Amino acid sequence: MRSKMAILLVGLLTLGFLTAAQAAAETSLVVAVDTPPRMMNPHGDDSDAGLSFMANFFDGLLQRKGPDGKLVPALAERWEHPDLLTWRFYLRKGVTFHNGNPFNAEDVKFSFERLSNPEVSEFLNTGKSIDSITIIDDYTVEIKTKTPIPWFANNLHQIFIMDKESTEQRDPGDVMIHPIGTGAYKLVEWVKGSYVRMEANENYWEGAPAIKKVEVRPITESSTRFAALVSGQADIMTGVPVELFEKVKANPKVEVISRPARRSIFLALGNKPGDPWADIRVRKAMYMAINEDEIIEKVMRGHATPAAQIPDPPTIGYNPDIKRLPYDPEGARKLLKEAGYENGFEITLTGPNDRYVQDEKIAEAVAKYLAKVGIKVKLDVKPKSIFFPEVSEGSLQFYLIGWFDGTFDMGRTYFKLAHTRDDAKGYGGLNGTSYSDPKLDQMLEATADMVDPAQRKKALEELNKYAMEEKIVWIPLHYQEDLYAMQKDKGIVFQPRPDRWMVYKEIGVK
Amino acid sequence: MTTYILRRLIQGVVVLLAVSMICFIIFRYLGDPVLTMAGKYATQQEIEEVRRAFGLDQPTHVQYGRFIWNALHGNFGKSYVSRVPALGLILERFPATFELAFTAMLIALTLGVGLGVLVSLNPSSWPSRLVMAGSLGGISIPTFLTGVLLIMIFGVYMGILPPFGRGETVQIGFWRTGLLTADGLKHLVLPATTLAMYQLAVLLRLTRAGMREVLAEEYIKTAWAKGLPPGKVIVKHALRNVLIPVVTMAGLQFGELIAFSIVTETIFQWPGMGNLLLQSIYETDQPVIVTYIMLAAFLIITINMVVDILYAVLNPKIRYD
């Protein structure tokens, strides 16, 4: 019995060496990602993790390319914006779907109409903002929105076009698991929980991609994902955890890539009249009491950059003149004394513990800094599935959250996070403290139909400065850093995108 | 006997109803699935529309009634996250979990019973003491630690065994198996060992205790005195009598391994049901969670009942009235 076991074991080990020796072909890639796909329906998941898969099987009318996320044409060759409500798209000719069906205006109309069906879409907001979709000819489509949406085109890299005929004919369950798009890759096999295999679409309208075969392995557990890379089972790994970063870097076989992330982490603070923190002096004191440099060094292990505002530099509305208040606990105490809170007060800091890099640790650090100036912070950290519903209810006092806007336009973010809550108009849906400032609302509403880029940029920058410096709507902390690692000698040319999507047609081989 | 089985069946149904009701109420408070389903930028009105579309605006008891009614017709609802039937989603993962649990049980049974017998024969020798000390470790070291350690040693430093996933699999009908390819077997070694560790230690200690008790019995002394070969005495006369509690234990453990191998599956990224359950909890995918727990309860109740009935079959002295 035992000797048989031994023989079996030796046999297994030899097999192991044999298979490991078969080097992968150069044009194939195994990628270990941190989040599994939820479905293969391009409109059913609006998270970047989900869109990251879809961007390989589908194309939008427009796309964002490369490390700077520039908006360029995709299925639409060009577009016009003749008046505030109208967007006209001239479609690319000669494009076919993976099943051979030609792409035309019918597919665009079908896909945009599908957005407002709650059974299959998480882009309800985009779908419902559309008033009408008119087919002018086979390759021209005109979309009219109900209200002016200056950032409408900026969002179109996320809205993927499906094949009308096959989507209508297939069983709804099949549509959820088999993507038929125009994208650079076709799905070969999706084994849930194990892998997604795709192969190059040789007829792709941009030309066939360099990497011919891709296997994406979602591994949620970060240490296992790290083991997959180090053991050579994966070529690229996304989401290197900061606590493993030094270890990954020390490995001679592995190359680490980091890039500033678009997402900023910040603290939202309410201003209900009567609360101590409605007083601007108290808000300033809380801002000045937090030692952000130390948070970056100790909690983020250096993988973050300080933020003075919510949007990141490429976003319209980012204002380079806004500076962080200095770390000054003495000054903070003085301000609290002036405001009449020499003995401090109590406040509850809510936050997620499974959403952002080191989120819980950051919240703990903030609580400690505030305790040093006499503010008693009650920590209330919980899973994101419980935290986010609380944010959308709007009854929190003080919470940690992260944000970035896929449209590269600050307008939509401000309406969602800072405008006074107004369910009828759909404003302030994620204004979790029910913060309210009439002047801010007024400035924001004035930008709603501002389309001229220069004018819009100026207005949003002013608004941003007002919110961050005069009102301290939020206490900004830092921008995260996206960390990737890959095998050094595989000859992979990989530049991460700002939105963290893994778009394999952008990856090359040396 | 028939009355007994009937009574157990009724009890089982009551337990299932209770489990489903508790699940339903608890997961009300787990978070609001509608928020994700409506999308990041949805307005309050759009969120309410989604709530209505999925019938989540109705009072809990109405939703529960509808769930039970549909479940009786074999329909456990659609996953909120992937929007396909929940039961299919879980059953698709069943082969992976079953193969992992089965292999782990096989390892635990053979090594546990084998070592248990060896240890009981020579309890004071130093290898026996070492094995017993090791078994204490098996019971007390948590699964996630064993798993991570094994990955670090065999997957990363030595690089001889793959640290995650199922490897190459073959689809036979509805069953996707990893047992037929070398790569699949290789991938099974680490997670199965991790999962087996605790069960192995328990079975080992159970076997040893039973063996030591039986070996002191008069009839074993008689057997030795008759000059029977050691193999016959140990296996036929002693071990056989020890096996009844061991097999019972193993049966119960097997049900638990299938239902709750969540930790091991997560560490090794094993595409089984436990992995799906954890992911569903993170994403507030209520239909999948409730269906899974119902299924697990059903499985454990069934195994319990079979074991109870087997008792009566194995030992006619046991009567159920």
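In chain A, 11 residues of domain 1 are in contact with 13 residues of domain 2. The model is predicted. On the side of domain 1 of chain A that touches domain 2 of chain A, 5 residues are nonpolar, 5 are polar and 1 is charged. The domain assignment places domain 1 of chain A at residues 35-183 + 490-509. Domain 2 of chain A spans residues 260-480. Taken over C-alpha atoms, the centres of domain 1 and domain 2 of chain A are separated by 32 Å.

The overall dimensions of chain A were examined next. Chain A contains 16 helices and 19 strands. Its C-alpha atoms fill a box of roughly 75 × 75 × 40 Å along the principal axes. The radius of gyration of chain A is 25 Å. A compact globule with 510 residues would have a value near 24 Å, so the two agree. The UniProt record, an unreviewed entry, annotates residues 70-420 of chain A as "domain: Solute-binding protein family". This span of chain A is 29% helix and 26% strand. Its end C-alpha atoms lie 32 Å apart.

One sheet of chain A is open and has 4 strands, in the order 4-5-7-6. The pairing in this sheet is antiparallel. Strand 4 (76-80) and strand 6 (130-137) of chain A stand at the edges. Each has a single partner strand, so one side of each is left without a neighbour in the sheet. From one strand to the next, the twist averages 20°. Strand 4 of chain A is joined to strand 5 (residues 86-91) of chain A by 4 bridges. Within this pair, Ala76(A) stands opposite Leu91(A). A helix also packs on the sheet: helix 3 (residues 105-114) of chain A touches strand 5, strand 6 and strand 7 (140-145) of chain A. The direction of helix 3 of chain A makes about 170° with that of strand 6 of chain A.

Strand pairing elsewhere in chain A takes both forms. Strands of a sheet pair through backbone hydrogen bonds, either parallel or antiparallel. Strand 1 (residues 28-33) and strand 10 (residues 213-218) of chain A run parallel and are joined by 6 bridges. Here, Val33(A) has Pro218(A) as its bridge partner. Strand 9 (residues 195-200) of chain A runs antiparallel to strand 10 of chain A, with 4 bridges between them. Arg197(A) stands opposite Glu215(A) in strand 10 of chain A.

The contact between the chains takes 43 residues from chain A and 50 residues from chain B. Several helices of chain B each supply at least two residues of the side that touches chain A, among them helix 2 (33-38), helix 5 (86-121) and helix 8 (182-215). The largest share of this side, 6 residues, comes from helix 3 of chain B. By class, the side of chain B that touches chain A has 26 nonpolar, 13 polar and 11 charged residues.

Chain B also carries an annotation in UniProt. The unreviewed entry labels residues 94-311 of chain B "domain: ABC transmembrane type-1". This span of chain B is 79% helix and 3% strand. Its end C-alpha atoms lie 28 Å apart.

Definitions and conventions:
Residues are numbered from 1 along each chain as its sequence is written. Chains are lettered from A and ligands numbered from 1 in the order in which they are written. This is a predicted model: local features need pLDDT of at least 70, side-chain atom pairs count only at pLDDT 80 or more; totals for chains, interfaces and linings use all residues. Two residues are in contact if their C-beta atoms, placed from the backbone, lie within 7 Å. Ala, Val, Leu, Ile, Met, Phe, Trp, Tyr, Cys and Pro count as nonpolar, Asp, Glu, Lys and Arg as charged, and the others, Gly among them, as polar. Two strands pair if DSSP finds at least two bridges between them. Axes are lines fitted to C-alpha atoms, for helices over the stretch in contact, and angles run from 0 to 180 degrees between N-to-C directions. Domain bounds come from an automatic or database domain assignment. UniProt positions are given in the numbering used here, feature names are shortened, and annotations may be inferred rather than shown by experiment. The radius of gyration is taken over C-alpha atoms; the globule rule is 2.2 Å times the number of residues to the power 0.38.
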